[in-house]
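Good morning, colleagues. Please take a moment with the sequence and the structure before I turn to aromatic rings and nonpolar cores.

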Amino acid sequence: MTTEVFAVVVTYNRKELLCECLDAILNQSYPVKRIIVVNNNSTDGTLDYLNEKGYSSKETIEILNLPENIGGAGGFYEGMKHARDSKEQPDFVWIMDDDTIPTVDCLKELVDANDSIDEEVSFLASAVRGMNNEAMNVPKIARKQFNKYTDWYSHLDKGMAQIVKATFVSLLINIKAINKCGLPWKEFFIWGDDSEYTQRIIRDFGPAFMVGRSLAVHKRVGSDELSLVKEKNPNRIKMYFYYYRNNLIGFWEYESALYRFLCMGKLGYDFFGVLFKGKYKLKKMGVILKAFNAFVFGTYDRKAFKERAKL
């Protein structure tokens with residue numbers, strides 16, 4: 001039986017990259033049934049550009065124009081919800097940002113990998129490279145070995161490794177996992193929503209795997225991890241509030257006491273890092289303190305977070 005796939009692409013002010021992404025999806029060797037483009041209230045004329053280039057008239061493409069920018073978390077929430085609530089509900093939802101360019105067999109390798117596994121998976125992740133072939137968006141590999149060996153061998157012959165969390169860059173998500181575990185928590189807005197969601201569906205539905213033969217290029221400028229200490233753009237500093245707050249929430253929900261301690265230590269390390277390095281010290285320290293207070297004193301909606309699987 002054919003596996004039916006809907007693709008969800010979230011976009012904001014990158015119309016040229018979006019079209020490159022859409023072309024790559026449309027030219028996959030394994031066809032998608034529908035592409036849902038979530039336009040996060042772009043201000044660069046994205047909708048007009050899609051109309052001009054003929055994408056809006058394609059039968060396989062559906063465009064959701066949001067009335068406001070609700071961040072990556074909100075965009076994926078809306079796109080995946082639309083796919084889940086569709087009358088022709090797919091078997092899998094393939095998600096990515098507009099700067100993700102999947103290679104021609106990217107989806108086929110994900111589908112083939114799923115067919116080769118006997119158990120139900122929550123999702124399958126592509127191997128992601130940057131524009132200079134550098135490793136990017138590397139998922140966290142399963143490696144617990146306190147009382148028994150991690151079975152690395154189980155799917156290595158198929159080019160797969162079991163993972164415990166991943167980013168929203170070419171993930172093929174089982175619709176059954178979405179139906180059972182809910183959608184990404186849109187209140188995260190940006191950063192950390194993918195880690196929380198992938199850990200949730202692994203915990204509450206089933207295992208996940210990175211598929212080495214499924215390749216995607218992430219056209220993000222720079223492959224370095226996010227760093228408030230190194231951040232030079234003053235307009236981006238306030239966004240790090242979500243980075244720290246969301247990581248604290250996620251670590252306390254899914255990680256061990258050791259990792260919680262390390263996460264809190266990273267907060268303190270960055271606080272003193274911005275104190276002694278770079279510019280905009282007060283602004284950066286203020287962001288860290290605001291995130292810490294939001295987590296400790298629960299200025300986010302804790303009840304909504306606990307009930308996020310019901311959304």
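Is Tyr243 buried or exposed? In this predicted model, Tyr243 has a relative accessible area of 17%, so it falls under the 20% limit and counts as buried. Tyr240 is buried as well, at 1% relative accessibility.

As for aromatic pairs, the count comes to 14. For Tyr240 and Tyr243, the ring centres are 6.0 Å apart and the planes meet at 75°, so this pair is edge-to-face. Elsewhere, one aromatic cluster is formed by Trp185, Phe188, Tyr300 and Phe305.

Charges also sit over rings. The charged end of Lys140 is placed over the ring of Tyr259, at 4.3 Å from the ring centre. Lys290, in turn, lies over the face of Phe241, 4.9 Å from the centre of that ring.

I now come to the nonpolar cores. The largest has 34 residues, and those touching the most other members are Val5, Ile25, Ile35, Trp94, Leu124 and Leu172. Several elements supply at least two residues each, including strand S1 (5-11), helix H2 (46-53) and strand S10 (208-218). Helix H1 gives the most, with six residues.

Consider Leu172 in particular. Beyond its neighbours within four places in sequence, its contacts include Val5, Trp94, Leu107, Ser122 and Leu124. Apart from this core lies another, of 31 residues, with Val93, Ile95, Cys181 and Met210 among them.

Methods:
Residues numbered from 1 in each chain as written. Predicted model: local features only at pLDDT ≥ 70, side-chain atom pairs only at ≥ 80, totals over all residues. Heavy atoms only, no water. Phe/Tyr/Trp six-rings, centres within 6.5 Å; stacked < 30°, edge-to-face > 60°. Buried < 20%, exposed > 50% of the residue type's maximum accessible area, 1.4 Å probe, protein only. Lys NZ or Arg CZ within 6 Å of the ring centre and 35° of its normal. Core = buried A, V, L, I, M, F, W, Y, C linked by side-chain atoms within 4.5 Å. Helix = DSSP H or I, 4+ residues; strand = E, 2+ residues; numbered from the N terminus. Contact = heavy atoms within 4.5 Å.
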